[in-house]
Amino acid sequence: MKRLILKSVLLSMALFSCSKEESTASQTDLNVSVISTTGRDLKIREAKAFENKVQKKLNDPEFAAKFQENEAFTKRYETLIAEAAKSGKSNLPLRVLNIAVNIIHVDDAPPTRQQVRQQIGILNRAFEGGRTNRSRVPERFRRSIAGDTRIQFDLQRIRYKRIPEPLTDEFDLFFDSTGGMDPINPENTINVYVSTSDEFEFGPFAGAAGLPGLVPPEFDHIVIDFLAFGTETGDIFTNAGETLVHEMGHFLNLHHLPGPGGENVASGCRVDDFVGDTPNTSVLYDLFQDEAILGETTTSCGSQDMFVNFMGDSADSVLEMFTIGQRNRMRATLEPGGSRSNFIQAGS
Ligand SMILES: [Zn+2]
């Protein structure tokens, strides 16, 4: 039974990142160096840019209330799913979500349309369980593997915009008026923005996304750096297309495994990710890929860490799975009245 301190949650529920500088003792001891073959690095999976700007909103009673409302809705759904499983009626209807990709680039070689489609294919395979290699999941976690979440993504549009110089604020990506692109049908389509994060205040980072209801609608989109999009990025830590899988997890209401604000030894074991079948942990393993280290002995909070979970921050080559509890939490957002149900394609 994991513990939860609600105050910590409300104060830090949008804290998605863990920089090297804030690494825990166990992370520091790993002494992992960042190597780039392209002349620039992605040192972190996410940045604090979103967090800092959203942080002000967290004191807003309206946002706090929305958070509590989402949690109550999720709990009701999880109860229904558990009851259905007991009675053998746990077939999950397929949920197909509209998605669009907006590429904002300076150079001549943005991802091709084929590469975009390949990345969406990776996203879909991850959500249907096809990217999980059970032999790479520590044995004690195998019974928690979600398998097919019955959530899929249908690519509606790919758009390109060339700009003279990189934008300096990721939120500028979301508006024509600030040099970016207005989203496509944001009322029913998940908009993914692909760009460089080099010039962002908190960049470079691999990706960013907000939890449902906690980001103002005009900023409620997903951002992925070129070096973390697709499989031909040149960045050895993010070249398997898993950043979009991770960010989509956030978008569908998943927290990091250490829980919001729990990515340090001091507080990590006192906060939760609200998922019952993930172990309590205080380590994000930010872009770590050394499998000799990420082994059976990797522990925190008194138990082995699920470093292979998509909602940890290990390097792409290490990530393997969502859990059944995470699947249920994501699917809850797609139930009638759920916080992301507006993205479900008509007829699915
Ligand atoms: Zn994250």
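**A covered helix and its neighbours**

Guide: Let us start with a helix in the interior: the buried residues of α6 pack against α5, β3, β4, β5 (222-225) and α8 (324-332). This is a predicted model, in which local features need pLDDT of at least 70, side-chain atom pairs count only at pLDDT 80 or more, and totals for chains, interfaces and linings use all residues. Residues are numbered from 1 along each chain as its sequence is written.

Visitor: What makes a stretch a helix or a strand here, and how many does the chain have?
Guide: Both are DSSP runs numbered from the N terminus: helices are H or I over at least four residues, and strands are E over at least two. By that rule the chain has 8 helices and 7 strands.

Visitor: Why is α6 called mostly covered?
Guide: A residue is buried if 20 or more other C-beta atoms, placed from the backbone, lie within 10 Å of its own, exposed if 12 or fewer do, and partly exposed in between. In α6 (residues 242-251), 10 of its 10 residues are buried. Among them are Glu242, His246, Glu247 and His250, along with Leu244 and Phe251. Across the chain, buried residues make up 47% of the 348 residues.

Visitor: Why are α5 and α6 described as oblique?
Guide: Their axes, lines fitted to C-alpha atoms over the stretch in contact, are compared by N-to-C direction on a scale from 0 to 180 degrees. The angle between α5 and α6 is about 55°, and the axes are 9 Å apart. Angles under 35 degrees count as roughly parallel, over 145 as roughly antiparallel, 65 to 115 as roughly perpendicular and the rest as oblique. The pair α5 and α6 is therefore oblique.

Visitor: Which residues make the contact between α5 and α6?
Guide: Contact requires C-beta atoms, placed from the backbone, within 7 Å. Here α5 contributes Gln119, Leu123 and Ala126, while α6 contributes Leu244, Val245 and Met248. Nonpolar covers Ala, Val, Leu, Ile, Met, Phe, Trp, Tyr, Cys and Pro; charged covers Asp, Glu, Lys and Arg; the others, Gly among them, are polar. By class, this contact has 5 nonpolar, 1 polar and no charged residues.

Visitor: How do you know which strands pair in the open sheet?
Guide: Two strands pair if DSSP finds at least two bridges between them. The open sheet has 5 strands in the order β2-β1-β3-β5-β4, with mixed pairing. Its edge strands are β2 (151-162) and β4 (207-208), each pairing on one side only. Strands β1 (residues 95-105) and β3 (residues 190-195) are parallel over 5 bridges, and Ala100 has Asn191 of β3 as its bridge partner. On to β5: β3 runs parallel to β5 and is joined to it by 4 bridges, with Tyr193 bridged to Val223. Helix α5 (residues 113-127) lies across β1 and β2, at about 155° to β2.

Visitor: What makes β3 count as covered on both faces?
Guide: In a regular strand the side chains alternate between the two faces of the sheet. For β3, one side holds Ile190, Val192 and Val194, the other Asn191, Tyr193 and Ser195, and all are buried. That makes 6 of its 6 residues buried.

Visitor: Why is Val215 called buried?
Guide: Val215 sits in the loop between β4 and β5. It has 20 other C-beta atoms within 10 Å, so Val215 is buried. Its C-alpha atom is separated by 8.6 Å from that of Phe63, 152 residues apart along the chain.

Visitor: Are Asn185 and Phe274 buried or partly exposed, and what makes them so?
Guide: Asn185, in the loop between β2 and β3, has 13 C-beta neighbours inside 10 Å, so Asn185 counts as partly exposed. Phe274, in the loop between α7 (265-268) and β6 (299-300), has 22 C-beta neighbours inside 10 Å, so Phe274 counts as buried. Neither is a glycine, yet phi is positive in each: near 35° for Asn185 and about 70° for Phe274.

How values were computed:
Two residues are in contact if their C-beta atoms, placed from the backbone, lie within 7 Å.
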